[in-house]
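Thanks, everyone. I have one structure to walk through today. Please put it on the screen.

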Amino acid sequence: MVTFKEGDHRLIPEAQADPVRFYRVKKMKFGGKGKEKDRTTVIYNDNITMQNIPLEAWDYVVNGKAALYWVMERQVVKTDKASGITNDANDYANETIGDPRYPLDLFRRVITVSIETMTIVNELPALDLN
């Protein structure tokens, strides 16, 4: 079960007072120091750190990459050097979805999907091609 280092973030006064600012993600990163990445911990932003992410969740691969990596790469604020256009996942969360927690909730949902999918795949019988 994924936990939050800070406890239930929904009960933190700053999250209630200004959720757009509190849940803003710039770039998710792994816990650990230096090159020692801790895949069981993802730092979402300065306010939120997810811990106890099951390592099995990283086994679900889509198009050669763990689905969780895909989410981490795309739920960012990034400016294209050539055009100067800024792609901000927070804008989509706030303006289209209407929920500043969307990038966080998306990551948590993909953890669940990844674990459940790998459970099903691992229970499938071996394929006999002979």
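**Charges, core and a surface patch**

Glu73 counts as partly exposed, because its relative accessibility is 41%. The cut-offs here: buried means under 20% relative accessible area, exposed over 50%, partly exposed in between, with a 1.4 Å probe and protein chains only.

A quick word on the source. This is a predicted model, where local features need pLDDT of at least 70 and side-chain atom pairs count only at pLDDT 80 or more, while totals for chains, interfaces and linings use all residues. Residues are numbered from 1 along each chain as its sequence is written, and side-chain values use heavy atoms, with hydrogens and water left out.

Back to Glu73. What does its side chain meet in a salt bridge? One partner is Lys65, at 2.9 Å, N to O. Glu73 also forms a salt bridge with Arg74, with the closest N and O atoms 3.1 Å apart. By salt bridge I mean a side-chain nitrogen of Lys or Arg within 4 Å of a carboxyl oxygen of Asp or Glu. Lys65 is partly exposed, because its relative accessibility is 31%. Arg74, at 39%, is partly exposed too.

Next pair. Asp105 bridges to Arg101, with 3.6 Å between the closest N and O atoms. Asp105 is buried, at 12% relative accessibility. Arg101 is partly exposed, at 27%. Shared partners join Lys65, Glu73 and Arg74 into one salt-bridge network. The whole structure has four salt bridges.

Now the inside. The largest nonpolar core has 28 residues. A core here is a set of buried Ala, Val, Leu, Ile, Met, Phe, Trp, Tyr and Cys residues joined through side-chain atoms within 4.5 Å. Which members touch the most others? They are Met28, Val42, Met50, Ile53, Trp58, Leu68 and Phe107. Helix H3 (67-74) and H5 are the elements that give two or more residues to this core. H5 provides the largest share, six residues. Helices are DSSP runs of H or I, at least four residues, numbered from the N terminus.

Take Met28. Leaving aside neighbours within four places in sequence, its contacts (heavy atoms within 4.5 Å) include Val42, Val71, Pro103 and Phe107.

Last stop, the surface. Helix H5 spans residues 102-123 and holds Ile120. Ile120 is exposed, because its relative accessibility is 53%. With Val121 and Leu124, Ile120 forms a nonpolar surface patch of about 280 Å² accessible area together. Areas come from the Shrake-Rupley method with a 1.4 Å probe; for residues, only the protein chains shown count as cover. Patches are made of residues with over 30% relative accessible area and no salt bridge: like charges are joined within 9 Å, nonpolar side chains (Val, Leu, Ile, Met, Phe, Trp, Tyr) within 5 Å.
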